[in-house]
Amino acid sequence: MHEISLHNVKKRYGTITALDDVSFDIEKGEYVTILGPTGSGKTTILKLLAGLIEPNEGEVRFKGRRVNELCPEERDVGLVFQNFMLFPHLNVWENVTFGPHMRGWAREKTDKLGRQMLDLVHLFNRALSYPNELSGGMQQRIALARTLTPGSKIMLMDEPLGALDARLRVELRYELVRLMKGLGITTIHVTHDQEEAMTISDKIMVLRRGKIEQIGAPMELFLRPRSIFVANFVGESNFIEGIISEIKDSFLKVELKDGLTVVVPSVDGAALGERIVIALKPENVSIQKGVTKGINHIQGVIERRSFLGTFVKYSVRLETGDLINSKVLTLQKDKTLEMGDKSTVSFRSNEAVVYHHPKDGVRRELEVE
Amino acid sequence: MISTISNGIMTSFKLAGAVTIIDFIAGLPMAWLLNRGHFKGRRYLDTLIDLPLVVPTSALGFSVALFWATPGGFAFFFNSPTGAITSSFILLMLVHVAFSYPYMVRTLSASLEEIDITYEIAGRTLGASPLTAIRTITLPLFRGGIVSGTILSFGRSISETGATVLALSIVGASQADGTAPVLIAGWRKLINEGGSMAEKYITASAFTSVLLIILALVLLTLVMIIIKKFKLPIKKVWPAQEKMLSGRIFKYLRDASSNIFLILAVLIPAFFIFIFFFRGLAQGNSLAGIDLAGFLNSLFASFLIASIVTVVNMGLGIPMAILIARKKAGTVTQPLDVLINIPMIIPSTALGFSLGLFWSGIGGGLSSLANADFLLIVLAHIAFTYPFIVRTVSSAISDIDISFEEAARTLGANPLQVFRKIIFPLAKPSIMAGAIMMFARSLGETGATLAVASTAVTTPVYIVKLVNENALFEAALACIILIGISYIILMGLRRLSSGK
Amino acid sequence: MPEVSLVGVSKSFDSIIAVEDFTLKIEDGEYVTFLGPSGCGKTTVLKMVAGLHEPDRGEIWIGKNPARGIPPEDRNVGYVFQNILLFPHMDVLGNVTYGPRVKDWPPQKTTELAHEILALAGLSARSKSLPKELSGGMQQKAAVSRALISGASLLLLDEPLAALDAKVRAELRNELKRIVKELGLTAIHVTHDQEEALAISDKIVVMKKGRIVEVGTPEEVYLNPKNIFTANFIGEANFLEGKAVSGGDKWEIEIARGLKIATCNEVPAGDRLVIAVRPEHIVIDKGQRKERNVFDGKIEDVRFLGGLVRFEIKIENNLLLAVKAPFASFEKFPQIDDQMTISFDPSRVLVYKYPERGMASELALE
């Protein structure tokens, strides 16, 4: 029996369809991220799970039981907001013990839980402070403690790290997942940041325009994205278009332009002469100075070089006209490639992913906003 | 009769129109000063502007009229035998401006606060002088505030009775030259006296009321449409001139003139009554002949009514405010919002009159009840103060991020707990402000009271009686006591709301 | 295309010091980022360059001219805001032409310039749209166009990408750099996002609590941070405390009894020290046993990051090190509790004096 599930849920706001036939299951103790661009419906899913809104069609189930009609205070689900939403007129202690108070729990029990949760987030010494006296990171931790005190085993988080500085986000994300896992809580975490999603999730659900594009472990979404959108949204991809010139067992020979072919894995329903799209992760694109020949080697010129810290990213204008990115680990001692250098990019066949050409074109398919 | 009515209506509208325009011209720079100015005494200026709101309008009107129209007031400096102002229309304008100005400033200021000042900064980084930035960026975004301010000022002026009656009396003009509400109030007395003319006066009152209501609604709707559609000339620029006008000197001039206006046209006249009274004392007027019992009775009646009205309206209004703010009434929400604002625009006298008619029509039985008059007054007051609490509270609640409620509910709070623990504490300042405004409004109301039952004597009515008997000194004393007690109660309420 | 100089600039608000003793020279045509946590003063410096605040002390020069006393509308700088702030009641064209209109430029010239700059930004098709009809990325591009049309040669950007989705941020930052370079502008870009700073800056100015911590190119501040704060703020770093080995190799640092780290630099004897190694510089030892800085350990945590795998390995003395290795370098994906040998090159070890106020205070982000 699944801990949380949605069955064929549809949600409309006036004429706008926010969620279009969404179904998924989440198991107990899983840390699941819902990943998607703004407006894809992620927050709507959270609100449905919390009971703040009701679906137009479909069912929300907790432990197999339908909960559509249950109001939020009866669902025993924790909700954490991007802007923390700490009650400004109450101090930290009052905020953190708010849940138990509302449920009328005994004083002793409430105090014990409050103390426990504040210790967990290392902020017991600020119990009497008011939210506006705390830094962003601290407010975030208090917001967490507050949702944990009632003891809910399901936690919903709406861009919980979104209001924090980039560096703080990276630090806190590990703390967050460790905290939830340590308490055995099933977590649904909404974000638009795919790096965040990849780092901490057991499963990622990619949402786009109210529909689920793919659900799976980070590795799966990264290495075997089922659609062009997912290929680009999770860990970005390069896209090269070509025409199938030969089909051989499980591989295809694809002609990119006159006389230039590459070998890639086949895809279901591939037909000779068909236009297809090849997706390549920048990490899987190797780059060398000068001209080198071989299978899946393409010539090009470096248009841009960006230093990204761990990686250096090269943007290469290929002889086919496409612009593709190559991400290479920073090696200080080796000769670096400069803008304008002639170079060769190459990739291994089995690292490419192939898709049928979308009817509206690749650009439309990739649209994020 | 017809000519009297049409004169009354014309006077009402001309007066309200002139007053609103003056309020806007004087109030806009003041709102700017309050909102964008950075100076030490800002909080005090804030409180000063609210002062006239606390004073019951009849007392306010009385003081203002004394200042401008008697030899002891402004005319004192010129050694004039008559008051400085002798024209009744101009006097009425000055009186109305004194009590409607704070409404305009408050509304404009609140609206200004909602506009992100960074838009202007963006404009300046693009090369616009401060004045150009304000004119082309902030003002267009500001229309909502202008509409609200206009409606409030206009509504206040058109509705006002007590101060108008007093002012006319002091300047020696006939009540028949007054505004429409004044006429209605006057007729009510004649109706009570019975006789053959009673029927005629009832019809006249009804007709005038209806006309007032319809014309006011029409005019205000027109104004709303015009202001919303009016294309401000933001395409034209005069860089050099506007840059000059943005300069320090002009800013000082603007601020100085705003302050001078506030002091000269509003504050001094409003509190002149104290000077009048103490001068009277010095001149030997004694307190001996004052009808203390009558006065205390009227005080008691006024405060009782105001208290009942405030409590009842809080109970009725807050749930409605929540409904509107959280759009819980579905598609009815928008029209409901508009409907609720109507009692604010309709002259309270007209409202009171129709209510009186309504209830006495329902059954002679009701009007023969011992306390029928009292009940009717309470009902009338409830009707026209209701919008205050609904508006104030609903805008306060819309300002509270709905996510606070969502957070509370997911933590286990049911809707009632959410209200008690979250909404109420966060909205308390506005709820208190709304309550204070209602209390003050009811306390100061004259027109509706007179229109419903001119035999009942609330303090404003009592003051009118005294002035009609030319007992100016006693009237001044009554005013001062009324002001004093209102002030104490209101300050107490304010302290309570911020102290908790 | 001015250069910008700030000398000894300080600014306080009431009793809070926002910026202290800020001295920096920005060359003509440079794209400089001010990088630091919220509250470090970076936006305040930007606003002083724009003329929105005046420094309490110190001077600012834009080009050859001292900027003191010149109001924002006369400084000819373009300013882009975090909240975008397109005027909601004007369409894109109206917004973009606001500057020239307000300075009463000839309408013909204004329209020409507008179309030029909209084409540069890729917004020609949306000139009649209202701001609320545009996506976040397009809105910000419109705002940039608006800031640049009047021919400003200095562009100031206040966290321009903060309000946008992660994906859009990555795309838009390249656009920003392109536009700036094509127009030959000098740019100052404020951000708290170190990846953003690394990707597009010619020079990064790292700030903390109102002061400049370090200035350098992206490679410099990443590969050779002069400061513990920088080492931690930009990228990730493992920190180990120790001191020089007495009587031993002058290049070694003792972390604990028997646990020594070899570096490439001479280490001052007696001092308490902190060494830093970046996770990606720690490599998995596949049997080609290196001599120095080799440690055995057990894996405590594994995370797939896409091209990289990040895992935490506990070596002797219960020390936990974070390691980042390319996904492709594993035959079998590492699991928790796996044994592994790691090593790192002495040249990758950064050495610092132990901070006076302690590590926690030095690394604090808030």
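Two residues are taken to be in contact if their C-beta atoms, placed from the backbone, lie within 7 Å. By this criterion, 32 residues of chain C contact 31 residues of chain A in the predicted model. Six elements of chain C each give two or more residues to this side. Four are helices: helix 5 (136-148), helix 6 (166-183), helix 7 (194-200) and helix 8 (218-223). The others are strand 16 (294-304) and strand 18 (319-326). The side of chain C that touches chain A comprises 14 nonpolar, nine polar and nine charged residues.

Chain A also touches chain B. Here 16 residues come from chain A and 14 residues from chain B. On chain A, helix 2 (72-75), strand 6 (78-80) and helix 4 (98-103) each supply at least two residues. Helix 4 of chain A gives the most, with four residues. By class, the side of chain A that touches chain B holds 11 nonpolar, three polar and two charged residues.

Chain B contains 22 helices and zero strands. Its radius of gyration is 24 Å, close to the 23 Å that the globule rule gives for 500 residues, so chain B is as compact as a globular protein of that length. The C-alpha trace of chain B spans about 70 × 65 × 45 Å along its principal axes. Of the 500 residues in chain B, 47% are buried. Among contacts in chain B with a separation of 6 or more, 81% join residues 24 or more positions apart.

In soluble globular proteins, nonpolar side chains tend to be buried together. The largest nonpolar core of the model has 335 residues. Within this core, Phe62(B) and Ala65(B) touch the most other members. Which residues does Ala65(B) touch, not counting those up to four places away in sequence? They are Leu91(B), Val95(B), Leu166(B), Ala167(B), Ile170(B) and Val171(B).

Chain C carries an open sheet of four strands. The strand order is 2-1-4-5, and the pairing is antiparallel. Strand 2 (16-26) and strand 5 (65-66) of chain C stand at the edges. Each has a single partner strand, so one side of each is left without a neighbour in the sheet. Strand 1 (residues 4-13) and strand 4 (residues 57-62) of chain C pair in the antiparallel sense over five bridges. In this pairing, Ser5(C) has Trp61(C) of strand 4 as its bridge partner. Helix 1 (residues 42-50) of chain C lies across strand 1, strand 2 and strand 4. The helix runs at about 115° to strand 1 of chain C.

Further along chain C, strand 17 (residues 308-315) pairs with strand 16 in the antiparallel sense over six bridges. Strand 16 and strand 17 of chain C form a hairpin with three residues between them. In the turn, Gly306(C) has a positive phi of about 110°. Strand 17 also runs antiparallel to strand 18 of chain C, joined by eight bridges. Leu308(C) stands opposite Pro326(C) of strand 18. Strand 17 and strand 18 of chain C form a hairpin too, with three residues between them. Its turn includes Asn317(C), with a positive phi of about 65°. Strand 16 and strand 18 of chain C are among the elements that give two or more residues to the side touching chain A.

Methods: Residues numbered from 1 in each chain as written. Chains lettered and ligands numbered in written order. Predicted model: local features only at pLDDT ≥ 70, side-chain atom pairs only at ≥ 80, totals over all residues. Nonpolar A, V, L, I, M, F, W, Y, C, P; charged D, E, K, R; others polar. Core = buried A, V, L, I, M, F, W, Y, C linked by C-beta atoms within 7 Å. Buried ≥ 20, exposed ≤ 12 C-beta atoms within 10 Å, placed from the backbone. Pairing = 2+ DSSP bridges. Rg over C-alpha atoms; globule rule 2.2 N^0.38 Å. Axes fitted to C-alpha atoms, helices over the stretch in contact; angles between N-to-C directions.
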